[in-house]
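Please open the structure in a viewer and keep the selection tool at hand.

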Amino acid sequence: MTVRTCAAAAAILASAGCGASSTETATTEAKNLPPLNAQAASMKAGFGTMERLVEAATREGELNVIALPRDWVNFGEIIDTFADKYDIKVNELEPNAGSKRQLDAAAQLKPDVFDLTMDVAVSGAGRFAPYKVQGWQDLPDQVKDPAGGWYAAYGGYMSIGYDPRAVKPPASFADLLKPGYRVALDGDPLRSASAFDGVMAASMRAGVPQPAQGVSLFAKLKQAGRLTEPSKANTIVAWDHLNAARSAHQPDAWKVTIPRDAALGGYHVQAINKAAPHPAAARLWQEFLFSDEGQNLLMKGFARPARTEAMRMKGTLDAEQAAKLPKAPGPPVILTIPQADAAKAYLKRQWAKSMG
């Protein structure tokens, strides 16, 4: 990874935000470009061109990201590609932090950008600097804040991964109650967003979550001695990109299915820290993630890019990689904030009691 250092970065950006040199002013007026403003809410308003955004970000020389494990939806390659492409050092802070931890630690760790679950983004919207990427119109309305505070970059479906050598393909979550399935969730549903959504997927009835039914299913597995740890399981309930990545490495030993009656989906959204120490680099990072290149790199990690439909229409979607994604039974059901809040409250009351 190429690393660029720039001792005068802070001074350069401070001056860019407040005023410009006579040379810069003359060039700006001649080209009818706006004065540089690294706090702007769009590339056009703050920089005028991508070239000027790249120049401003390169002068900063660094980007602080948080909660991006390198094996999560291909972020290792994404980070390295961004760093090499723009000659910017990427500081990877607390890769395994959860969404709430990102916001709680922001004042201390000073990340430039966040990668969050939608419910945490909605509750923390006041912490973000509005910014609308160039592909803004390609993003579905239901997965972006109209003011530009947060916006989904990628998503997925809750799925069932299984060892075909040990069990038959499960057609539904109810099948997991049949003999032979040793089942694991991706963590503790009281602490892990992925495990919580696994319980919610098992609770879906006609597109509506029924938390009691999801808890009941896993309680029955626990009572039968068949709810276990991932390392001991032959069946794992997790996001489809995690199960698909495992299947890609072990095609004969691991398969993935998304039950037709439980097409629960979820998105991870991006946001810029209002107090970002590298505001231009933060905006360049978002432009890269939402570019055709960035979206295809996310799909290489088996995520489902938020701009999928627009890219498919334009012919810029990696069709070969798209064909490798687990087959979806239909449009995803996305929990509303009230549904998620009610379900979390129910699990907080009942999960430990039901698990005995």
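Across the whole of this predicted model, a search finds 16 salt bridges.

Begin by selecting Lys85 and Glu293, which form a salt bridge with their closest N and O atoms 3.2 Å apart. Lys85 belongs to helix H5 (residues 75–86) and Glu293 to helix H13 (residues 292–300), so this contact ties together parts that are 208 residues apart in sequence. Lys85 counts as partly exposed, at 45% relative accessibility, and Glu293 is likewise partly exposed, at 35%.

Next, select Asp138 and Lys314, whose side chains meet in a salt bridge at 3.2 Å, N to O. Asp138 sits in the loop between H8 and S4, and Lys314 in helix H14 (residues 308–314); the pair therefore ties together parts 176 residues apart in sequence. Asp138 is partly exposed at 23% relative accessibility, whereas Lys314 is exposed at 52%.

Then move to Lys144 and Asp141, where the salt bridge spans 3.8 Å from N to O. Lys144 is buried, with a relative accessible area of 9%, while Asp141 is exposed, at 62%.

Finally, turn to the largest pocket, with a volume of about 1,400 Å³. Select Ser99, Thr117, Ser192, Ala193 and Ser194, which lie nearest its centre among the 48 lining residues. Helix H6 (99–104) is one of the elements that supply at least two lining residues, and H6 gives the most, with six. Coloured by class, the lining shows 22 nonpolar, 15 polar and 11 charged residues.

Methods:
Residues are numbered from 1 along each chain as its sequence is written. This is a predicted model: local features need pLDDT of at least 70, side-chain atom pairs count only at pLDDT 80 or more; totals for chains, interfaces and linings use all residues. Side-chain values use heavy atoms; hydrogens and water are left out. On a 1 Å grid over the protein atoms alone, a cavity is a set of points where a 1.4 Å probe fits but cannot get out, and a pocket is an open set with protein on both sides within 12 Å along at least five of seven lines; lining residues have an atom within 4 Å of a point. Grid points are joined across faces, edges and corners, and a volume is the space filled by probe spheres set on the points. Helices (H or I, at least four residues) and strands (E, at least two) are DSSP runs, numbered from the N terminus. Ala, Val, Leu, Ile, Met, Phe, Trp, Tyr, Cys and Pro count as nonpolar, Asp, Glu, Lys and Arg as charged, and the others, Gly among them, as polar. A salt bridge is a side-chain nitrogen of Lys or Arg within 4 Å of a carboxyl oxygen of Asp or Glu. Buried means under 20% relative accessible area, exposed over 50%, partly exposed in between (1.4 Å probe, protein chains only).
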